[in-house]
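Here are my notes on this chain, as numbered points. Please read them with the model open.

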Amino acid sequence: MENPTVYMLPKMIENNKFNELLSDSIENKGWEVKQFTKRDLLKLKKNDVLHFHWPSFYYRGSSVLTTVIKSILYVLMICFARLRGAKLFWTVHNIWPHNSGKTRFDYWMRKILVQNCSKLIVMGKPLISEICSTFGIDSSRIEVIPHGHYKGVYQGKGVNIRSRFGIPEDSYVYAFFGQVSPYKGVDDLLEAFKDMDSEQAHLLIAGKKVKDYDLGDEFLKSGHIHTHFHFIEDDEYSDYFDAVDSIILPYKQIATSGSAILALTFCKPVVAPRIGLLEEYLPEDCAVLYEPSDPDGLLKAMNMIRLKQSEFQEGSGFVKALERLDWPVIAQRTLTLYSS
């Protein structure tokens with residue numbers, strides 16, 4: 001019997017490889033995966049799959065008028081898909097959009113999707129209780145499927161990143177890679193680094209900075225702090241990770257973290273707060289976790305990860321952590337869910 005068609009919403013997204021990797025892994029199992037378009041509504045068959053990732057892409061526009069139009073089409077799309085016998089799934093990367101936060105409008109748009117989904121997918125257990133209380137559903141409607149690794153995805157150019165930023169080869173380099181925004185705690189990272197007592201330590205921050213996020217010029221003028229407030233290109237990731245000793249993720253809130261998975265993929269130890277998925281994805285032999293309630297927790301963890309440098313270089317912890325994030329395993333679990 002022919003397998004149902006999977007329609008990803010979206011199948012690919014700029015600056016985020018997750019959807020592409022998930023789609024490829026499902027296709028490798030013999031299923032067809034397509035980027036969903038409005039024309040596909042009339043092609044839907046019973047048991048075909050619509051797999052949402054960031055629903056706000058489909059109901060928010062650039063103005064009030066376009067948002068109204070997109071919202072109406074979004075609701076009609078969900079209703080029509082159900083009438084055709086399609087199954088709907090939502091991978092909850094974040095409960096609320098990062099750019100707008102929690103609003104009544106977003107609540108109802110997402111509530112409509114939740115009510116019509118066969119299952120919701122999360123990448124770790126910590127998000128389950130919040131989803132259940134927010135949308136009034138039972139935990140049996142939520143499935144945990146982890147975020148896959150990035151092994152073999154990013155190839156470097158062989159650029160010496162330390163040389164580009166004037167960082168001595170014998171220095172210890174802490175790094176933050178990813179969007180530079182308030183909820184990711186980069187201001188806390190700068191404060192902690194300022195309090196470190198080490199002339200050998202350098203900090204590299206690379207990623208697009210959110211507009212109007214003031215990090216303080218006095219910090220950024222330090223000869224030991226280096227910034228690149230632009231997206232890291234796909235063919236530069238490997239070079240950037242090769243240049244650093246550890247990744248610092250001082251997040252204030254977290255639903256998923258591609259940066260943590262990238263760090264594991266490149267076998268770089270991580271400093272992170274003991275919150276949400278970070279604790280679930282980062283075992284002790286790959287990270288130093290700190291209590292977010294401890295005002296000196298980040299600084300102490302940064303000092304500790306440097307002291308444990310030789311332990312992390314052995315690498316066996318990273319191999320074990322990545323085994324559970326293998327894409328064929330994730331694809332099979334996803335297909336089992338589609339078929340249930």
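1. Accessible areas here come from the Shrake-Rupley method with a 1.4 Å probe; for residues, only the protein chains shown count as cover. On that basis the chain exposes about 16300 Å², and 51% of this surface belongs to carbon and sulfur atoms.

2. The model is predicted: local features need pLDDT of at least 70, side-chain atom pairs count only at pLDDT 80 or more, and totals for chains, interfaces and linings use all residues. Numbering starts from 1 along each chain as its sequence is written, and side-chain values use heavy atoms, with hydrogens and water left out.

3. The radius of gyration (over C-alpha atoms) is 21 Å. A compact globule of 340 residues would have a value near 20 Å, so the two agree; the rule is 2.2 Å times the number of residues to the power 0.38. Along the principal axes, the C-alpha atoms fill a box of roughly 65 × 45 × 35 Å.

4. Buried residues (under 20% relative accessible area, 1.4 Å probe, protein chains only) make up 52% of the 340 residues.

5. The largest nonpolar core has 85 residues. A nonpolar core is a set of buried Ala, Val, Leu, Ile, Met, Phe, Trp, Tyr and Cys residues joined through side-chain atoms within 4.5 Å. Tyr174, Phe177 and Met302 touch the most other members. Apart from this core lies another, of 32 residues, including Leu50 and Trp90.

6. Which residues does Phe177 contact, leaving aside neighbours within four places in sequence? Among them are Leu204, Ile232, Tyr240 and Phe241. Contact means heavy atoms within 4.5 Å.

Notes. Buried means under 20% relative accessible area, exposed over 50%, partly exposed in between (1.4 Å probe, protein chains only).
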